[in-house]
Amino acid sequence: MDKHGTDKILSAYWFVILFIVAAAVVYMVAIFYGTPYDIRKAEADAMINQIADCLTDGNHLKDDSQIQKIQDNFLSECNLNFNTEWKEGQYYVEIIKDDSLIISKGNINLKDYCDKKGDKIPKCFERSFYVLDQNKNSHIIKISVTIRKIEKND
Amino acid sequence: MINQKAQIGETVTWVVATIVIIVILSFSVFVAIPIGKSMKFDSNRKSDLLATKSLTSYLLTKEGTDIIYNNLKKGGELNKQSSERIEGLYDEEYYVALLRVVPKDSYSVLEIGEEVECAVDVFIELNDEKDVGLCLLWEEKNE
């Protein structure tokens, strides 16, 4: 009789242990893979490359009329889409050619965070490249991209 | 009495086993937490479109009577001022940016205090013996 009682207790005990082990494994997996990756740098790199390709024709900067067209209709000309699931604009792009601003698009308020430091703020990325125009004059193009997406990287 | 001893022995085994299981699990959880938090998405580039554009445009720039590419091909040397301008574009982002004319196929290993391999490099062939390339090394803070 006693033996049967012990067996029952041990069976319950066994299930408790099994549950603890399963819960710990689930918790470890959640901890290990649950933290969101901040891919804003990769996103900004892809966007900067796309913009650089959009502004140039091979190794030359597009001519003034084409640049004007891009200025007028930046998103569609460069095949970019700034729409997100959030109402507030998540992107800001600024293009500077030889120290003069030629394109500014998106949520300009994000620019204010560029000189601030912290984890839960929009991230700013800036890259430059050297290029020749159609008349072989050299230019430095600076592309700045700011990405908000704070909620996704909380 | 004999039965009781057997029951106590079995229970002690289970208690010890439980403690061992809990210790191992706790250790695994405490190890997983910092590793999970330290995991980051590696967004460092293996190639660099802008560096490629800059280098090719630089080589197409006219210097003297001919473009830089042809001057280098003929055995000329890089103009320090103009090459530093290109390197300067990558100074903030990379630990070091070096624009050099080097013997063919040897550019990936450079002497910068010690032998290092470029994280990103862009080569353009000048002739059978020489390449011109831009070597970029990541700064530690970008990791």
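Which residue of chain B forms a salt bridge with Arg127(A)? The partner is Asp48(B), with the closest N and O atoms 2.7 Å apart; a salt bridge here is a side-chain nitrogen of Lys or Arg within 4 Å of a carboxyl oxygen of Asp or Glu. The count between chain A and chain B is two such bridges.

A word on the ground rules: this is a predicted model, where local features need pLDDT of at least 70, side-chain atom pairs count only at pLDDT 80 or more, and totals for chains, interfaces and linings use all residues. Residues are numbered from 1 along each chain as its sequence is written, chains are lettered from A in the order in which they are written, and side-chain values use heavy atoms, leaving out hydrogens and water.

Now step back to the whole contact (heavy atoms within 4.5 Å). Chain A brings 37 residues to it and chain B 36 residues. Together they bury about 3,500 Å², 66% of it on carbon and sulfur atoms; that is accessible area (1.4 Å probe) lost on putting the two together, summed over both. Arg127(A) turns up again here: with Phe32(A) and Tyr130(A), Arg127(A) supplies 20% of the area that chain A buries against chain B, more than any other three residues.

Over in chain B, look for an open sheet of three strands, ordered S3-S7-S6 with antiparallel pairing. Strands (E, at least two residues) are DSSP runs numbered from the N terminus, and two of them pair if DSSP finds at least two bridges between them. S6(B) and S7(B) pair over six bridges, and Phe123(B) stands opposite Gly133(B) in S7(B).

Notes: Helix = DSSP H or I, 4+ residues; strand = E, 2+ residues; numbered from the N terminus.
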